Amino acid sequence: MSKRQGYTDTPTIPGQTWKVHDIDRPYAPVVTPGGDAAPITPPPSDATVLFDGDLSGWVSNKDGGPAGWRVEDGVMEVVPGTGNICTRAELGDGQFHLEFAEPEVVKGEGQGRGNSGVFLMSGYEVQVLDSYENPTYADGQAAALYGLFPPLVNACRPPGVWQSYDILWVGPRFDGDTVTRPATITVLQNGVAVHHALTLPSRPGHRGVFPYQPHPPTGPLMLQDHGDLVRFRNIWFRPFGEYS
């Protein structure tokens with residue numbers, strides 16, 4: 001196994017005893033998900049399809065121009081150097097589904113291997129990383145709430161194999177500068193619960209603690225260009241709605 005990665009000089013995560021990217025934080029136990037690959041999960045009838053092979057609903061996060069990622073056969077792939085992309089649609093509380101595949105040709109290790117990210121409201125990251133037999137700091141592995149919480153388990157499939165995230169998101173609410181309701185999140189990776197009704201004490205981020213900043217109750221979904229050839233397909237969203 002590679003030498004442990006992480007830091008000893010970062011601040012303590014609010015409400016925890018661990019530091020951000022703590023070098024001593026235990027790895028999530030490995031769980032093998034069922035099946036050989038994540039099947040395509042068709043969107044429900046009330047879902048908003050965010051990507052099904054057409055990037056016209058996405059823009060560059062750099063300048064608002066056309067998204068610069070590659071699209072072929074219903075799949076988008078990061079084009080390194082083009083920057084993050086985000087939806088034109090403003091999305092709030094609800095269910096997000098997306099499927100991704102790490103590069104089949106393995107390059108690098110730790111955070112340098114198949115790195116990307118899914119950002120709810122453009123600011124709350126569920127990590128995308130090739131964490132199949134690839135140790136890194138615990139709160140930076142695949143499915144981590146980056147810099148806050150590791151996943152409960154490591155449910156990664158091998159590189160090149162399609163995987164899925166189902167994210168149940170309830171965004172924060174504000175009264176002026178005051179947080180009246182912190183964000184909560186549930187995440188399933190490949191059908192395995194890796195976070196359950198988790199309350200975020202702050203915003204995720206790298207090597208620091210980032211307090212909430214007031215923002216509207218909706219925002220774009222953003223995908224990260226971290227320089228690796230990560231692929232995505234079949235992305236959709238459905239709002240929770242209200243009980244009658």
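Reply: For the lining classes, Ala, Val, Leu, Ile, Met, Phe, Trp, Tyr, Cys and Pro count as nonpolar, Asp, Glu, Lys and Arg count as charged, and the others, Gly among them, count as polar. Please note that this is a predicted model.

Me: What is the make-up by class of the lining of the largest pocket?

Reply: The lining of the largest pocket has 10 nonpolar, seven polar and two charged residues.

Me: Which residues lie nearest its centre, and what is the volume of the largest pocket?

Reply: Val30, Ser131, Tyr132, Glu133 and Asn154 lie nearest the centre, out of 19 residues that line the largest pocket. The volume of the largest pocket is about 350 Å³.

Me: And the second largest pocket, how much space lies in it?

Reply: The second largest pocket holds about 250 Å³ of space. Its lining is made up of 15 residues, with Pro103, Val105, Lys107, Asp228 and Leu229 nearest the centre. By class, five of the lining residues are nonpolar, three polar and seven charged.

Me: Turning to asparagine 134, where is it found?

Reply: Asparagine 134 sits in the loop between β8 (124-128) and β9 (163-170).

Me: Is asparagine 134 buried or exposed?

Reply: Asparagine 134 counts as buried because its relative accessibility is 6%, and the cut-off for buried is under 20%.

Me: What does its side chain reach, and which residues does asparagine 134 touch?

Reply: The side chain of asparagine 134 reaches the backbone nitrogen of glycine 110 at 2.8 Å. Residues up to four places away in sequence aside, asparagine 134 touches Glu109, Gly110, Arg113 and Leu129.

Me: Next, glycine 57. Which loop is it in, and what does glycine 57 contact?

Reply: Glycine 57 belongs to the loop between β1 (48-51) and β2 (58-60). Apart from neighbours within four places in sequence, glycine 57 is in contact with Cys86, Thr87 and Arg88.

Me: Why does glycine 57 count as partly exposed?

Reply: Glycine 57 has a relative accessible area of 29%, so it falls between the limits of 20% for buried and 50% for exposed.

Me: How far is glycine 57 from tryptophan 169?

Reply: Their C-alpha atoms are separated by 21 Å, and glycine 57 and tryptophan 169 are 112 residues apart along the chain.

Me: Cysteine 86, then: buried or exposed?

Reply: Cysteine 86 is buried, with a relative accessible area of 7%. Cysteine 156 also counts as buried, at 8% relative accessibility.

Me: How many disulfides are there?

Reply: The count comes to zero disulfides, with a cut-off of 2.5 Å between cysteine sulfur atoms.

Key
Residues numbered from 1 in each chain as written. Predicted model: local features only at pLDDT ≥ 70, side-chain atom pairs only at ≥ 80, totals over all residues. Heavy atoms only, no water. Helix = DSSP H or I, 4+ residues; strand = E, 2+ residues; numbered from the N terminus. Buried < 20%, exposed > 50% of the residue type's maximum accessible area, 1.4 Å probe, protein only. Polar contact = N/O pair within 3.5 Å; in protein donor to acceptor, adjacent residues only side chain to side chain. Contact = heavy atoms within 4.5 Å. 1 Å grid on protein atoms, 1.4 Å probe; cavity = no way out; pocket = protein on both sides within 12 Å on 5 of 7 lines; lining within 4 Å. Points joined across faces, edges and corners; volume = space filled by probe spheres on them.
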